[in-house]
Amino acid sequence: MKYLIVGLGNKGPEYENTRHNIGFKVAEKIAETLDVSFNTTNFGWMADGKYKGRRVLVLKPDTYMNLSGNAVRYWMQKENIPLENVLIVTDDLALPFGTLRMKGKGSDAGHNGLKNISEVLQTQNYARLRFGISADFSEGKQIDYVLGTWNEEENKTLSERIEKFTKASLSFVFAGINNTMSAFNGK
């Protein structure tokens, strides 16, 4: 069985440690856990590994957040990966910092990366793992906030939260979405 885990983010050093790039950070930790490296490929950077006998493709799209759907569709088609074996890892303003929420389907909740994926795939029925970044910004400052770096308090537990999200992502591969949601949601 093959799985595609896509960490959403934006390419470029100016975005590397921003809240909006948490999907990339989780993808990097998954690759590290699987002991594989990213290689430049079509639509981004791909790490190809195995987890408990299952092939796991970990993608960091280079399309920028708002055009992520093209990368997801390309790799699903190229590798013949069914929709139920795709997991999108992204940031979420509506959740408190570090909160983990996995769902098997749902709306884009105003997230432009998820919106584009839904438009390109013509469905909202794909698994997503949302990383809470909270909404600690004043009116009109949302873009500055999501493209801003983590504060000192967030940095203290960020690596532990990324580790938790990595475990949830790999649980999705081996235990399935329902078991993973039961074990990890809200934790």
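User: Is the crossing of α2 and α3 right-handed or left-handed?
Analyst: The crossing is right-handed, meaning the near helix is turned clockwise from the far one by less than a right angle. Note that this is a predicted model, where local features need pLDDT of at least 70, side-chain atom pairs count only at pLDDT 80 or more, and totals for chains, interfaces and linings use all residues. Residues are numbered from 1 along each chain as its sequence is written, and side-chain values use heavy atoms, with hydrogens and water left out.

User: At what angle do the axes of α2 and α3 cross?
Analyst: Roughly 45°, and the axes of α2 (residues 68-79) and α3 (residues 112-121) come within 7 Å. Axes are lines fitted to C-alpha atoms, for helices over the stretch in contact, with angles from 0 to 180 degrees between N-to-C directions. Helices (H or I, at least four residues) and strands (E, at least two) are DSSP runs, numbered from the N terminus.

User: Which residues in α2 and α3 meet?
Analyst: On the α2 side, Ser 68, Gly 69, Asn 70, Val 72, Arg 73 and Met 76; on the α3 side, Gly 113, Asn 116, Ile 117, Val 120 and Leu 121. Contact means heavy atoms within 4.5 Å.

User: Changing topic. Which residues have the most contacts inside the largest nonpolar core?
Analyst: Leu 87 and Leu 129, in a core of 30 residues. Such a core is a set of buried Ala, Val, Leu, Ile, Met, Phe, Trp, Tyr and Cys residues joined through side-chain atoms within 4.5 Å. Buried means under 20% relative accessible area, exposed over 50%, and partly exposed in between (1.4 Å probe, protein chains only).

User: Which elements give two or more residues to this core?
Analyst: β1 (2-7), α1 (22-34), β4 (54-61), β5 (86-92), β6 (100-103), β7 (127-132), α4 (142-146) and α5 (152-175). The most comes from α5, with seven residues.

User: And what does Leu 87 touch?
Analyst: Leaving out residues up to four places away in sequence, Leu 87 touches Leu 4, Ile 5, Val 6, Met 102, Ala 127, Arg 128, Leu 129, Ser 169 and Phe 172.

User: Backbone next. What is the phi of Asp 35?
Analyst: Positive, about 60°, although Asp 35 is not a glycine. Most residues other than glycine have a negative phi. Asp 35 lies in the loop between α1 and β2 (39-41) and is exposed, with a relative accessible area of 69%.

User: Where is Gln 122?
Analyst: In the loop between α3 and β7. Gln 122 has a positive phi of about 60° and is exposed, at 72% relative accessible area.
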